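Work through the exercises below with the sequence and the structure open. Try each task before you read its solution.

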Amino acid sequence: MGGIILFDGICNFCNSSVQFIIKRDQAAFFKFASIQSEVGQALLEQYKVPTNINSVIYIEQGKVYVESTAALNITRHLDGLWPVFYVLIAIPPCIRNTAYQLFAKNRYRLFGQKQACLLPSPSQRERFLEQR
């Protein structure tokens, strides 16, 4: 199995990011679950992720990544030139995560939020863990 991305299902930016990743992941490496779903909650508990994390959460080979480290590890598996962005991992996490946290704190204000989680298209359903 590839990586699992846990995302905020009511965040417009997060939902757009999932669609962006799906389009650039032709190998279907990633599976997805909203943090609000039963599957998402079970994974958070299984991997002992603190409930106060305001971030995308990426799980790969039993390791959990959050904030900018999660985003950069996701880029490694995307099609095209996106893996080049992984070089930003060399920037100290305290700097990367400060920028990430500022953005995450304001994402609802900047992009809005949905009343319900994303409903994947029929062709995308197998990529979402809670749709099985």
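**Exercise 1.** Which residue in β3 does Ile-5 stand opposite?

*Solution.* Keep in mind that this is a predicted model. Start with the strands. Strand β1 covers residues 3-7 and pairs with β3 in the antiparallel sense, over three bridges. Now look across from Ile-5: Tyr-58 of β3 stands there.

**Exercise 2.** Are the residues on the two faces of strand β3 buried or exposed?

*Solution.* First, sort the side chains. In a regular strand they alternate between the two faces of the sheet. For β3, residues 57-60, one side carries Ile-57 and Ile-59, and the other carries Tyr-58 and Glu-60. Then check burial, with the cut-off under 20% relative accessible area. All four named residues are buried, so both faces of β3 are covered.

**Exercise 3.** Classify the packing of helix α3 (residues 67-75) on helix α4 (residues 93-111).

*Solution.* Take the angle: about 95°, with the axes 7 Å apart. Angles of 65 to 115 degrees count as roughly perpendicular, so α3 is roughly perpendicular to α4. Now list the contact. α3 supplies Glu-67, Ser-68, Thr-69 and Leu-72, while α4 supplies Arg-96, Asn-97, Tyr-100 and Gln-101. Finally, sort by class: two nonpolar, four polar and two charged residues.

Conventions: Residues numbered from 1 in each chain as written. Predicted model: local features only at pLDDT ≥ 70, side-chain atom pairs only at ≥ 80, totals over all residues. Heavy atoms only, no water. Axes fitted to C-alpha atoms, helices over the stretch in contact; angles between N-to-C directions. Parallel < 35°, antiparallel > 145°, perpendicular 65-115°, else oblique. Contact = heavy atoms within 4.5 Å. Nonpolar A, V, L, I, M, F, W, Y, C, P; charged D, E, K, R; others polar. Buried < 20%, exposed > 50% of the residue type's maximum accessible area, 1.4 Å probe, protein only. Pairing = 2+ DSSP bridges.
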